[in-house]
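Please look at the sequence and the structure first.

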Amino acid sequence: MTNNVWTTVGKSEHRIDALEKAMGRVKYVGDYSTPGLLHAKLVTSTEAHALIKSIDTTEAWKMPGVRAIVTGDIFPYHIGPILADRPPLAFEKVRYFGEPVAIIVADLEHQAKAATQKVLIEYEALPVVNSVQQAFQTDSPLVHENPEQYTKLISDVHPKNGTNIGSHIKIRKGDFDLAMANCEETITATYSFNLSDHVALETRSTRVEINPVGRVVVHSCTQSPYTIKKVLNQFFNVPVGNIVVHVPMVGGAFGGKGTVQLEPLAYLASKAVGGKLVKLEMSREEDMITSPCRIGFDATVELGATREGRLIAGKYTYLIDGGAYTDQAAGITRAAAIDCTGPYNIPNVWCDSYCVYTNHPFGTSFRGYGHPELTFAVERTMDQLAQQLNIDPVKLRKINAIKPGNTTPTQTRLTANNIGDVDKCIMRAKELIKWDEGQRVEVGKNKVRAKGLSLFWKTSTTATNAQAGAILTFEADGSVNLNCAAIELGQGTKTILGQIAAEKLGMEMKDIHVTMEINTQYDPHQWRTVASSTTFLAGRAVISAAENAIKQLKKTAAIALQCSEEDLAVGGGRVFLKPDPTFGIEIKKLALGYKFPSGHSVEGQIVGVGKHIQRHLTPMDKKTGFGKPGPWWSVGVQAVEVEIDTRDFTYQILTGVTVLDGGTIINPATASQQMRGGMYMGLSYATSEKFVFNDKGIVQNANLRNYPILRYGEQPAQYLVDFIESPSIDGPYGARGIGEYGVIGSPACLANSLSIAIEAELTQLPLTPEYIWKTKKVKNQ
């Protein structure tokens, strides 16, 4: 724990949006309705891979209320955040079941929905690529014939013509072949699991209108308002100054609303009806099969070590099921390579990370950005290596835990500033899970209790110029309005930013008014609210804005108090003299300029302006992966204890533990809830969630009746959360990002515990009783 004396930072302040949400007063995008509002619905593909022979809209035009029908030939171009390979509406061919093919715009939503059933599309079926293993074969059908022709939006994406490879990222550190040949112990293991869904409480929705002067006004439940502006500008030639994006509070996102999908469709729909306001809102089933989902993942991990357990070499092959389009899966491919080893010091590393095209829904960001997947593979292999070496799994991890002075797979030198304390996290998690009381214990007839543990890490892989801005304005009573473009999507970021502002200005939280909704006309630019980067980027911008405001307050107060600015300090709602704090002036008398008794006024209103941009980050070398991809690495440990019935292999999660070194914890209560919520999500993903595809690539479980998620009462009987605080010099008050980290290690530690319980190796997700039974049956044969 840190020894700093702070008034607000480090305190469990109440969330500023809690009451409004609890009372049901929050208005989301889908809640909006107004006379004249038109509704759009999508006609989606009934084939996973097929040529579009014809689209007949004759009968659809006869339906009541229909105002427009838009098909792909209206905009036969490709868009995308990293590689522009996806048409907003399919033209020439479809590449996944549920892909948008046409838009119906009608007076009422049910009219638009009814009209979609009348559009007749003739397809010529093509062979379906239904797995990454199939896609990777040399004779596989091609989802995209020439992916190298697509426009690259960033440099770190490498598609390959004549294959289903949308991107290939390499890591080459040390001399892997030589090191592996001299290792005393080696192990190789493979892992596989399918795509899954975000299941955010609020489905995706947007509204778009084009007003008479050409201004495009977008309302969206997005994590990336400025990316929407960028996409509409880059691909639709709308002047960026003519695009205004509004974002209310968002009802959950988990990365799935970080990409841009519905907004271009709604723009085309509005344009087709003369710019009128059009609303496009997904039903739950549409949200699951048409919108981007979580990636699928196949992995092979090969480790080489000494007999004492020191890791010498690691080889990692990651096949990422990006679905029909690369979208953010290309970025996840890069992120998985960057952190391929987990938080271990391995001097010789070889990694091939592939973004692979299949005829599945396209993959995008999901909380953890590929790290729950790679962590599952790495940590399962570490447990198996521990068994092979007859070393305690905790001891093996302590021997190899990465530390300051070591280098990452991309050869970034780690310091006490940019890496947390893995060893302390291990020891605290070991204590909380009561590891020394036994990893596997038979507690009765057909009942076994077992414990599993997982290390994890992640850097914030942002753009090298990712940035945020903040503006502070002062009210006449001395209170402060905070404006920035960070999105409140349930993670509590606005509360954290309010605490940072209050701390820097020496005010109470009640005097900080944080604007919840985003309007890109007056909120300063922010990269995106993703990658656990918001507290870091926006927090630094808020500190910068507060420092700017303090400088102005001191300047005005120096005039009023007839002293030097250097003699003044700010706090408690006052500007006061450092040697004699009783001599000062209230901020409310300075907020709008100072007025002398004579009536003369000076300086004017206080407006604090701040900004922060990532520093010293670089792209990766194409051949070796060398580079500095992120500003810091947060590290942690998760563990679970399970009780399994060895007759039917049903199990209960008794205890879940998360220990994270996130630097300074700004708000311990919200941070703890972040960890609990993240672990709940990770365990749900691990126990039951995945899309099921038939042999034609069609999703079989696209609704919440047959797509099981962890229900209330199925969570661990107790969650134990603790923090190790190794401050980051670069972070606001020493904070690193924490938003994604509760998810990352959960699937791995659960699989480790269940593998120990049944004495067989589990290598797939989800960990259903049926899968566990089959694995045990094979082991016993």
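Helices H11 and H12 pack at an angle of about 165 degrees, with their axes 10 Å apart. The model is predicted: local features need pLDDT of at least 70, side-chain atom pairs count only at pLDDT 80 or more, and totals for chains, interfaces and linings use all residues. Residues are numbered from 1 along each chain as its sequence is written, and side-chain values use heavy atoms, with hydrogens and water left out.

**Helices H11 and H12**

- Helices (H or I, at least four residues) and strands (E, at least two) are DSSP runs, numbered from the N terminus; axes are lines fitted to C-alpha atoms, for helices over the stretch in contact, and angles run from 0 to 180 degrees between N-to-C directions.
- H11 and H12 are therefore roughly antiparallel to each other, given that angles under 35 degrees count as roughly parallel, over 145 as roughly antiparallel, 65 to 115 as roughly perpendicular and the rest as oblique.
- H11 passes H12 in a left-handed crossing (left-handed if the near helix is turned anticlockwise from the far one by less than a right angle, right-handed if clockwise).
- On the H11 side, Val-394, Arg-397 and Lys-398 meet Asp-423, Ile-426, Met-427 and Lys-430 of H12, where contact means heavy atoms within 4.5 Å.
- The residues of this contact divide into 3 nonpolar, no polar and 4 charged (Ala, Val, Leu, Ile, Met, Phe, Trp, Tyr, Cys and Pro count as nonpolar, Asp, Glu, Lys and Arg as charged, and the others, Gly among them, as polar).

**Other helix pairs**

- Helix H6 (residues 225-236) and helix H7 (residues 262-272) have axes 10 Å apart and pack at about 55 degrees, which makes H6 oblique to H7.
- The H6 and H7 crossing is right-handed.
- Ile-228, Val-231, Leu-232 and Phe-236 of H6 make the contact with Glu-263, Pro-264, Tyr-267 and Leu-268 of H7; the residues involved divide into 7 nonpolar, no polar and 1 charged.
- The axes of helix H15 (residues 668-687) and helix H17 (residues 746-758) come within 8 Å and cross at roughly 55 degrees, and H15 and H17 are therefore oblique to each other.
- H15 passes H17 in a right-handed crossing.
- Residues of H15, including Gly-678, Met-679 and Leu-683, meet Ser-746, Pro-747, Cys-749 and Leu-750 in H17; the contact residues divide into 7 nonpolar, 4 polar and no charged.

**Backbone**

- Most residues other than glycine have a negative phi, and most peptide bonds are trans.
- Gln-411, not a glycine, has a positive phi of about 70 degrees; Gln-411 lies in the loop between helix H11 (393-400) and helix H12 (422-432).
- The peptide bond from Leu-765 to Pro-766 is cis, with omega near 0 degrees, and Pro-766 sits in the loop between strand E33 (764-765) and helix H18 (769-780).

**Cavities**

- A cavity is a set of points, on a 1 Å grid over the protein atoms alone, where a 1.4 Å probe fits but cannot get out, and lining residues have an atom within 4 Å of a point.
- Grid points are joined across faces, edges and corners, and a volume is the space filled by probe spheres set on the points.
- The count comes to 5 cavities of 30 Å³ or more, and the largest cavity has a volume of about 100 Å³.
- Among the residues lining the largest cavity are Arg-204, Cys-221, Lys-257, Glu-263 and Pro-292; the lining divides into 3 nonpolar, 6 polar and 3 charged.

Methods:
On a 1 Å grid over the protein atoms alone, a cavity is a set of points where a 1.4 Å probe fits but cannot get out, and a pocket is an open set with protein on both sides within 12 Å along at least five of seven lines; lining residues have an atom within 4 Å of a point.
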